[in-house]
Amino acid sequence: MVDTPLLRVRDLVTSFRTDTGTLRAVDQVSFDVPRAATVALVGESGCGKSVTAYSILRLVASPPGRIESGAIELEGRDLLQLPERQMQAVRGNEVSMIFQEPMTSLNPVYTVGWQIMEAIRLHRKTSRRQARARTVELLGLVGLPEPATQVEAYPHQLSGGQRQRVMIAMALACEPKLLVADEPTTALDVTIQAQILELLRELQQRLAMSILLITHDLRVVAENAREVVVMYAGRVVESAPVSALFARPMHPYTRGLLESVPRGKPTAQRRLRTIEGMVPDLRALPPGCRFADRCPLRIDRCVLEEPPVAEVAPGRLSRCWRAEDVQPQAAS
């Protein structure tokens with residue numbers, strides 16, 4: 001049982017209807033999240049990371065969205081097969097989520113304490129006094145100053161970093177087994193980012209919690225994740241242990257992401273690299289590899305035939321006909 005992943009996502013397909021056709025934002029996505037470990041889901045904006053997260057909690061707005069097929073198993077239970085009433089008992093209790101922008105996720109007309117207390121009372125049989133005491137404890141746990149006072153604060157009275165700490169407190173209120181963190185530090189300055197990520201690491205160790213960390217920042221991945229799943233145009237293109245992926249990417253897109261990370265001050269000889277070209281339109285996909293138009297290793301087969309996900313090394317998967325030809329990132 002110990003070796004069984006807490007979460008298994010298998011062949012997940014989530015689509016959206018548009019005026020010009022159906023768009024598969026998540027297309028046959030599979031990955032595992034081990035117990036008490038952090039898995040990073042990475043890729044550029046629009047690749048399907050956040051839709052994957054919303055699919056796990058069954059929060060995809062329908063219409064226009066729809067989870068078409070696949071399985072999302074939490075400790076062996078397929079969340080996609082649960083009645084909505086049972087799924088409500090899972091959200092915020094066994095699986096919680098930190099959303100990208102806390103100012104839009106918190107209700108401006110209620111105090112932050114009230115909002116956390118409601119989350120506690122929804123899933124726990126407890127009195128309002130007990131819920132308040134637990135809320136003050138949680139606000140102290142996430143490092144909010146003067147928690148007994150801040151429990152009465154409204155969202156607009158807090159800074160961005162403090163609001164994000166409130167969101168973390170709310171997500172942890174019922175000590176979930178899995179925390180889905182969707183770009184939890186995007187809107188914060190660098191100093192606050194580091195504090196929030198350190199807080200998540202400490203809380204993970206304390207609660208033996210699994211984390212699915214959704215981000216586009218590979219520096220955050222390097223410092224916080226054990227496994228990395230790379231997405232491009234709705235598909236998983238590579239997955240690997242974090243150290244192996246950084247030492248030797250085995251998909252050209254992953255290498256492009258690594259090379260686009262700033263390293264010191266740009267100079268005339270060392271300019272910030274970019275991945276040329278554009279992501280394909282998901283409503284009119286090319287017949288071959290979705291990355292082919294942007295790939296420096298492209299061959300005729302890439303344009304004609306999409307590669308499957310294949311094991312290219314122990315514990316490593318890649319969706320590339322030339323995975324063995326991807327060179328390690330050049331030192332700078």
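Reader: Which residues does I168 touch, not counting residues up to four places away in sequence?

Author: The model is a predicted one. In it, I168 is among the residues with the most contacts inside the largest nonpolar core, which has 33 residues. Leaving aside residues up to four places away in sequence, the residues that I168 touches are I98, V142, I196, L199, L200 and L203.

Reader: Which elements give two or more residues to this core?

Author: Besides I168, the residues with the most contacts inside the core are I98, I116, L139, V166 and L179. The elements that contribute two or more residues are helix 4 (112-123), helix 5 (128-141), helix 7 (160-171), strand 7 (178-182), helix 8 (190-207) and strand 8 (210-215).

Reader: How many residues does the second, separate core have?

Author: This second core is separate, and its members include L41, L79, M97 and V229. Its residue count is 32.

Reader: D78 is buried; how far away is the nearest side chain of opposite charge?

Author: D78 lies in strand 5 (residues 77-78) and touches G70, A71, I72 and E73, not counting residues up to four places away in sequence. Its side chain reaches the backbone nitrogen of L80 at 3.0 Å. A salt bridge requires the charged atoms to be within 4 Å. D78 has none, and the nearest side chain of opposite charge, R58, is away by 7.4 Å.

Reader: What covers the buried residues of helix 11?

Author: Helix 11 (residues 252-259) is mostly covered, with eight of its eight residues buried. The buried residues include P252, Y253 and R255. Among the covering elements are helix 9 (218-224), strand 9 (227-232), strand 10 (235-241) and helix 10 (242-247).

Terms used:
Residues numbered from 1 in each chain as written. Predicted model: local features only at pLDDT ≥ 70, side-chain atom pairs only at ≥ 80, totals over all residues. Heavy atoms only, no water. Buried < 20%, exposed > 50% of the residue type's maximum accessible area, 1.4 Å probe, protein only. Helix = DSSP H or I, 4+ residues; strand = E, 2+ residues; numbered from the N terminus. Contact = heavy atoms within 4.5 Å. Lys, Arg positive; Asp, Glu negative; His and termini not counted. Polar contact = N/O pair within 3.5 Å; in protein donor to acceptor, adjacent residues only side chain to side chain. Core = buried A, V, L, I, M, F, W, Y, C linked by side-chain atoms within 4.5 Å.
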